[in-house]
Each structure stands twice: as structure tokens, then as C-alpha cells.
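Open the model in your viewer, colour it by chain, and keep the selection panel at hand. The stops below are meant to be taken in order, one selection at a time.

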Amino acid sequence: MKKAWLLAAVAAFALNGAVEAKTLKWGSAREIASLDPYSYGDTFTLSVLNHVYEGLVRYTGDLKIEPALAESWETVSPTVWRFKLRQGVKFHNGNPFTADDVITSLERVTHADSPLKGNLPAYKSSKKIDDLTVEIEVNGPYPLLLNDLTNIFIFDKEWLVANNSLLPTDSGKGVKGYATDNANGTGPFKVESRRADSKTVYAKNPNWWDKPQHNIDVIEFLPIASASTRVAAMLSGEIDFTNVAPLQDLPRLTASTEVKVLQTNELRSVFFAFNLTDKLVESDVKDKNPLRDVRVREALYRAIDIDAVQKRAMRGLSRNTGALVAPAIPGYEPSQDERLPFDLNGAKKLLADAGYPNGFSFTMNCQSDSLVNEEEFCQAVAAMWSRAGLKPNLSLAPRSQQTPKRVKGDFDVISFGWANEPMIDAYSLLVQVLRSKSGTGGVFNWGNWGDPRIDALVDKAGVELDTPKRIEMMKEALKIAKAEHLFIPLHQQPMAWAMRNTIASTVQASDNKPRLWLTMMK
Amino acid sequence: MPAFLFKRFINAAGVMLAVAFLAFLTFRFVGDPVELMLNEQASQAQRDELRVRLGLDKGFVLQFATFVGNAVRGDFGISYRNQQEVFTLIAERFPATFELVLVATFLSLAVGIPLGVYTAIKRDSLLAKALQFISVLGVSLPSFALGILFILVFSVNLQWLPAFGRGEVVQLGWWSTGFLTASGRKALILPGITLSLFQITLVMRLVRAEMLETMRTDFIRFARARGLPSRAVHFRHALRNCLMPVITVTGLQIGNLIAFALVTETVFQWPGMGMLFVQAVTFVDIPVMAAYLIVVSFIFVSLNTLVDLTYAWVDPRLRDDALSGGANAR
């Protein structure tokens with residue numbers, strides 16, 4: 001009896017496999033926010049919608065910029081870029097792709113109410129030269145326009161006009177739009193049906209302009225928030241692919257002969273950042289801030305046994321780093337990747353030299369639901385600092401509770417992760433995190449760790465159009481931050497995908513974006 | 001009676017206002033949606049601007065007044081996360097939760113009542129004792145553990161039932177139902193059992209206690225004395241007298257089931273209101289969180305008021321009590 005059941009189950013499974021061979025069931029950890037790529041500045045949402053919509057340029061599987069809807073480009077002057085558009089591209093509804101679509105899309109995404117306008121900060125205006133040529137003017141010399149355009153997806157003007165969706169949707173004003181629930185792009189897949197939080201179906205676009213390097217007919221996108229349920233669905237064959245395989249379940253997944261785990265490290269670098277204002281927030285040292293002494297910061301650095309953190313907290317899967325950006329990010333420098341060695345006695349001596357032989361207490365703000373195994377590595381590091389004679393008070397809470405405290409500077413030490421997305425350039429970290437707070441820069445400079453030398457370099461790099469020169473400036477700025485131990489780098493966090501043997505191959509880049517148009521099924 | 005009705009409705013409205021206030025107060029302090037809505041590249045000016053647009057810069061009283069005013073008209077605003085009307089979002093998710101609750105309620109009665117009768121009649125048998133013991137386990141086993149166990153056994157190992165989702169659904173107007181498709185019915189089984197287990201034990205224990213009580217009364221003894229077969233005595237006479245409290249409790253528990261479905265829905269990725277709420281919490285989507293709490297409380301308050309009114313209709317003494325001022329009148 002038992003055997004009969006098993007046989008029946010196997011037979012049913014095999015049959016299913018044969019009939020739906022080219023349907024890829026993608027179990028994700030999250031639902032996307034909307035079908036409107038301009039409605040929410042969220043990297044994951046954009047990466048899913050990239051199957052439907054495309055930008056003028058795109059990243060290849062190894063994160064190089066290549067032409068997409070634009071065939072070529074040149075700079076007419078330091079502030080004007082001319083794009084030659086691809087001929088014969090059609091939207092999913094059959095409309096031809098022209099310069100008007102580009103102009104309308106750029107206007108929509110940079111509209112004052114657009115939640116995504118930060119993704120195209122330098123945009124000033126655009127103008128049509130002919131049907132397939134567009135000129136984009138930027139505010140000043142700006143080297144990163146192409147990087148930004150990889151994530152600015154192009155809408156069909158006619159479709160936007162017909163559906164009264166020229167303006168972006170806006171939750172603040174209570175504006176919702178047609179584009180929230182409907183889509184019309186140029187990409188390799190089109191939206192066939194959508195039921196939020198349960199299933200969105202993407203069908204192959206037979207008229208795609210590019211030569212397909214995939215053989216998928218249908219993608220079923222199935223958000224499964226609970227990690228154990230997602231793993232169960234993978235093991236039982238209900239999904240073919242997940243872009244979030246929980247680290248603690250990797251051994252179980254690898255043990256199955258039908259599942260393959262793809263594991264690498266993300267672009268996101270994780271480090272500790274300090275409160276460098278005049279006083280600590282919560283400490284037994286009242287009159288000054290010990291963290292402003294570079295010897296104290298070095299002591300904290302040396303007291304971390306990174307191999308132990310990697311082995312225990314990160315399950316051996318993270319990549320230890322001494323640099324603030326990952327190797328794939330322009331601005332990375334191998335020589336900066338050297339870490340200070342773990343040296344407990346040296347740390348104690350440095351603390352004594354700085355005048356704290358008995359250590360001091362401070363608060364450590366970590367989140368329970370943000371970085372990979374953040375709780376575990378924060379606890380490990382807190383224990384290590386205690387061994388060096390310090391008294392860290394670890395505060396652990398969900399991101400929604402910790403973020404307001406972090407933004408206000410209400411912390412002494414925080415765990416911090418930065419992926420440099422969607423720009424994929426060290427400038428993102430430099431201008432948003434390292435630069436002193438002023439005007440557009442230093443939004444995430446929560447602990448006031450700015451340095452005038454770094455600021456000067458960042459500002460210069462922001463207008464330098466010569467790429468090698470610009471990268472040298474960024475390296476220089478990162479070198480200063482390293483010499484001052486402004487941050488304690490830890491690791492690039494691990495990421496893991498899992499797929500069943502129904503999938504033959506896929507491309508996994510460190511930006512953690514699934515590119516199913518580069519995926520072959522069996 | 002009109003005075004009583006009026007009083008009950010005023011009470012209900014008062015409770016709802018208190019809930020709205022609490023919902024609003026709590027969720028104002030959960031965190032900052034702005035940080036979660038913008039990406040790494042957004043500038044400070046954009047952050048400030050978004051805060052103003054969301055109305056987060058206004059005073060608490062003003063925000064609350066606007067909120068209540070809109071809520072009364074069924075307008076809970078627009079979700080921060082996906083820019084849709086919150087009311088529509090909840091209305092879309094309600095059928096999924098409701099069908100799950102319906103299945104759980106049906107299971108709890110269909111299984112709980114026979115078990116309760118059995119354990120009452122054969123209270124000294126080994127099986128009855130075993131059932132009593134298992135029911136303690138059923139009450140104390142958390143439903144997420146049970147759900148994961150079910151998934152492991154029936155989805156991963158046996159591959160009989162789906163581990164997640166609702167299967168194929170059929171759209172009837174604005175109502176989506178999983179009852180009409182095979183995959184929809186299959187998908188209901190595991191979450192339905194998970195959600196109903198606590199209810200089953202509750203119903204079983206309630207029926208058992210009531211049955212034991214009734215079996216001791218005179219009219220059962222007379223029935224036996226008249227020589228009626230024990231089957232008729234147990235089911236026609238005794239059980240019928242126990243059902244009133246069972247129905248009442250079941251009715252009141254529907255509110256609880258809707259609220260507790262949250263855990264089951266998370267485990268089984270059931271696209272209901274609970275899932276919506278859990279997602280809203282991770283994104284600090286204040287309008288959705290507040291609306292969910294208010295809708296669930298509204299269901300609770302309505303059910304309670306309905307039960308109160310029915311009782312008052314059945315038993316006039318309660319009405320008089322209520323009118324003359326309650327506790328010391330009796």
C-alpha cells in the first residue's frame with residue numbers, strides 16, 4: 001500500500017515535470033511592491049520588474065554596462081549625452097519604441113512626486129533629436145549617468161496617456177494608478193496575471209528584440225515569506241528556484257539529490273560604525289567620547305576575532321574583508337582588503353594607552369531582521385569586546401524600531417551594511433555615508449564621522465568624467481577612512497540561491513538579482 | 001428594547017473609538033516608514049519631503065482626527081508600501097481568511113462534538129482518557145510548530161498536499177473562492193486542520209463538560225426509566241441540551257479564529273488578512289496595520305454585540321438589568 005502511494009506520487013511528479021517543463025516556479029521571500037517600477041525605490045522590486053521593463057542600458061551577468069534599449073551613446077558636452085535608440089523594438093502591446101517614450105519616462109521618474117527620483121539625481125532635461133535619438137542634459141558634469149540609467153525603465157508614452165498615468169503614483173497624496181496593477185514593457189517577459197501575495201504569472205515575450213538566452217515559457221512568481229515553508233516547497237518540488245535560501249537550511253537543501261545550492265557573496269559589505277560626536281549616548285564616561293580617539297577604535301578593531309565570527313555566526317559562508325566595498329565595486333583596492341590582525345593583548349594595551357585600562361560602557365545598536373545573521377555576529381562581537389575589558393550593551397530589535405534611533409544618532413556603535421546599489425560604484429557609499437552631512441551628501445552619516453579631506457575628494461570625484469582618475473580619487477578617500485579606522489569592516493555577507501534539477505543553468509551575480517532571461521531549463 | 005439597543009450601540013462605538021486610538025498611538029511609534037520607502041541613494045531633502053507628504057510632520061491630535069474621520073467613511077488611506085487603497089487590499093484578502101476560518105469552524109464542530117460526546121459517555125474507557133490527554137497537547141502545541149510539522153510530513157515526505165498558497169481560485173464578483181477547484185480544496189486541508197486544532201479541543205472539552213452535567217439531570221434519568229434506547233437518550237435528549245453554549249462559544253470564537261489565522265497564514269503563505277498585516281509590520285505600513293486592527297476589532301465587537309442582543313431577546317431579565325443600571329439590580 002505504502003509502495004503504491006509512493007509510486008503514484010512519483011508518477012504524478014514525473015508527469016507534471018514533462019507537461020510543464022518550461023514553467024519556472026520562482027519562490028521568493030517577498031512580494032514586490034507594485035507593477036509600477038517608479039512607485040517604490042526598492043532594489044528587489046526593480047530586479048523582478050526588470051524581466052518586464054528595460055532601461056536604455058543594462059548590466060551583464062558580470063555587472064558590466066552594456067547597451068539595451070539604446071544602441072550607442074556619446075557625450076556631446078560635459079553635461080549633454082546623446083543616445084541612439086535601438087530600432088524595431090516593440091512594447092508588449094505592439095506599440096513601437098521611440099524617443100518620445102524615453103522622454104516621457106524620464107519626466108515621469110524625475111517628477112517631484114516620484115519616489116524614485118533619487119535614482120536619477122543628475123537629470124535636468126531631455127530632448128528629441130529624431131525618432132530614434134535623444135539627448136539628456138544633466139545638472140553638471142556627472143560620471144555616473146549610465147549606472148543610474150540601468151535602473152530607469154522605459155514606459156510606452158501612448159499607453160501612459162491612454163491610461164491617465166503620466167504622473168507617478170504617490171502614497172502620500174493618495175494617488176494610485178493604472179500602472180500599479182498593469183504593465184506594458186519591452187522586456188523578455190510580459191505580465192499575464194497577478195494576484196498580489198500569492199501568484200504573478202509572467203509569459204515569454206515572443207517579439208523580444210534581443211536573442212533569447214533562455215528557454216522559459218512561463219515564470220510563476222510565488223512569494224513565500226516563511227523560510228521553513230519555502231525550503232519545504234523547494235524540497236517537495238512545488239518551486240524550482242528561490243533567490244533566498246536560508247543559510248541555516250543549506251545543509252538540508254544540499255543533502256537532497258534534486259536540489260542544487262548556488263552560494264556566493266553579495267556586494268553588500270558589513271561593518272561597524274561609531275558615534276563620533278562629543279559625547280557617548282549611554283556610557284559611564286560622561287565628559288567625552290572615547291571613540292573619537294583613534295587608538296580606541298583600533299583597539300575595538302583588533303579585539304574582533306573575525307575567523308571566529310565567520311565560523312560561528314556566519315556558518316563559514318561570509319567573506320572576511322578589510323575594505324569597505326566589495327571586489328566587484330569600482331573603487332575597490334586589494335591592498336585595502338588587508339585586515340588588522342586579531343590581537344587581544346594589543347587591544348588591551350591600546351585601551352590602556354588611551355586612558356581606559358578598565359574599559360568603558362557603550363550601547364551597540366543591531367537589528368534582528370536586516371543583515372544576514374546580524375543577531376549572531378553582533379552577539380559574537382559583543383562577547384569579544386567584553387573579553388577586551390569593554391562593556392558593550394547590546395540592543396537588538398527589529399529594523400523598524402532601530403532605524404529611527406540610528407537616524408537620530410542615538411547610538412554609540414551600530415552594525416551597518418552598504419551594497420552600493422543600484423549604482424554599483426563606490427561613489428554611492430562615499431557620498432551617502434562617508435561624506436559630512438551637507439546639502440545632498442551624508443544622508444547616512446548618522447554618527448558624524450565626516451572628514452574634510454574625504455569630503456574634498458568625494459566632491460571632486462562627483463564631477464570627474466575621466467573614469468580612471470575618478471576611481472583614484474575614490475580609492476584615496478577610502479584609504480583615509482581606513483587609516484583613521486572610521487569603521488570596522490567585517491565581511492561581505494553571504495547569499496544563497498537554490499534550484500531544482502529542472503533548471504540547467506542560471507547566472508548568479510553578486511548584486512543578488514535573478515536574471516531569468518539568462519536561465520536555461522531542462 | 002430601543003433604549004437597550006441604543007445603549008449597546010453606544011458601547012460598541014466607544015470600544016471601537018478606543019481601539020482606533022490605541023491602534024493609532026501604537027503604530028505611530030513603531031518606526032519610520034520613510035527610511036524603508038526610499039533607497040540608499042535618496043537625498044535628505046527627498047526624505048524630508050516624503051515625510052511631509054505622508055503627513056508625518058503634523059501633530060498627533062490632528063493626525064488622529066483625520067484618521068478617525070476618514071475611517072468612519074471606510075477610507076483607511078493608501079498603503080505606504082504598494083500604493084493601493086487599504087480598504088481594497090483588506091477586502092481582497094478577506095475571502096481567503098474567511099474561507100479558512102469557515103473550514104476550521106466546520107472541522108471543530110464535526111470532530112469536536114462527536115469526540116466530546118464519546119469522552120462523556122465512555123468517560124472511563126482507555127480511549128476517552130487518551131483523547132483527554134491528547135486534547136491537552138492540542139491546546140498547548142503552538143500552531144506554527146504544528147503547521148511546519150504538517151508541511152514536513154504531508155508536503156515534503158509524502159508529497160500529498162501543497163505546502164503553501166491557496167491553489168487555483170475562482171473569482172465570483174469581488175469574492176475569490178478556493179472551494180470550486182480541486183487544487184483550492186486541497187490547499188485548504190493543512191491550514192484548515194492547523195487552525196482548527198485548538199478549536200476542536202475546545203469544543204470537545206465543552207461538550208464533554210456539558211454532557212456530564214446534563215446526564216446527571218432528572219429528565220435524563222426519567223428518559224432512561226422510560227426505557228428509551230441509550231442512543232436516543234444521548235443524542236436526542238442530552239446532546240441537544242448541550243448545543244446552545246457550544247454554538248455561542250463557536251460564534252464568539254470566529255473573531256478569535258480570524259485574529260489567530262495570522263500565524264497559520266504566515267506558515268502556509270495563505271494570502272489572507274493576517275499575511276497582509278505581517279507584511280505591513282515589516283514595512284511599517286501604518287495605514288494597513290491600523291486598518292487591520294480596526295477591522296478585526298469591528299468583527300469582534302459586532303459578534304459580541306450580536307450575541308448580547310440575542311441573549312437579551314431570549315431572556316428579558318437581561319434587558320431590565322441593563323436598563324436599571326447593571327450589577328446591583330439583581
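Begin by selecting residues 230-268 of chain B, which form helix α10 in this predicted model. Then step just past the end of the helix to B:Gln269, where phi is positive, at about 50°. Most residues other than glycine have a negative phi, and most peptide bonds are trans.

Next, show both chains together and select the residues on either side of the boundary between them. Here 52 residues of chain B are in contact with 69 residues of chain A, and the two chains bury about 4800 Å² between them, with 51% of that area on carbon and sulfur atoms. Between chain B and chain A there are 2 salt bridges; one of them can be found by selecting A:Asp197 and B:Arg93, whose closest N and O atoms are 2.8 Å apart. The count of residue pairs in polar contact between the two chains, with both residues at pLDDT 80 or more, is 10. If you now colour chain B by helix, you can see that α2, α3, α7, α10 and α11 each supply at least two residues of the side that touches chain A, and by class this side has 25 nonpolar, 17 polar and 10 charged residues.

Now move to chain A and select A:Trp209, which sits in the loop between β9 (199-204) and β10 (218-223). With A:Glu54, the side chain of A:Trp209 makes a polar contact to the side chain, at 3.0 Å. A:Arg86 lies 123 residues from A:Trp209 in sequence, although the two are 8.9 Å apart in space, C-alpha to C-alpha.

Finish with two loops of chain A. In the loop between α9 (306-313) and β13 (319-320), select A:Arg315, a residue other than glycine whose phi is positive, near 55°. Then go on to the loop between β16 (413-418) and α13 (426-434), where A:Pro422 is placed, and display the peptide bond that joins A:Glu421 to A:Pro422, which is cis, with omega about 0°.

Methods. Residues numbered from 1 in each chain as written. Chains lettered and ligands numbered in written order. Predicted model: local features only at pLDDT ≥ 70, side-chain atom pairs only at ≥ 80, totals over all residues. Heavy atoms only, no water. Helix = DSSP H or I, 4+ residues; strand = E, 2+ residues; numbered from the N terminus. Expected span 1.5 Å × (residues − 1). Contact = heavy atoms within 4.5 Å. Buried area = accessible area lost by both parts, 1.4 Å probe. Salt bridge = Lys/Arg side-chain N within 4 Å of Asp/Glu carboxyl O. Polar contact = N/O pair within 3.5 Å; in protein donor to acceptor, adjacent residues only side chain to side chain. Nonpolar A, V, L, I, M, F, W, Y, C, P; charged D, E, K, R; others polar.
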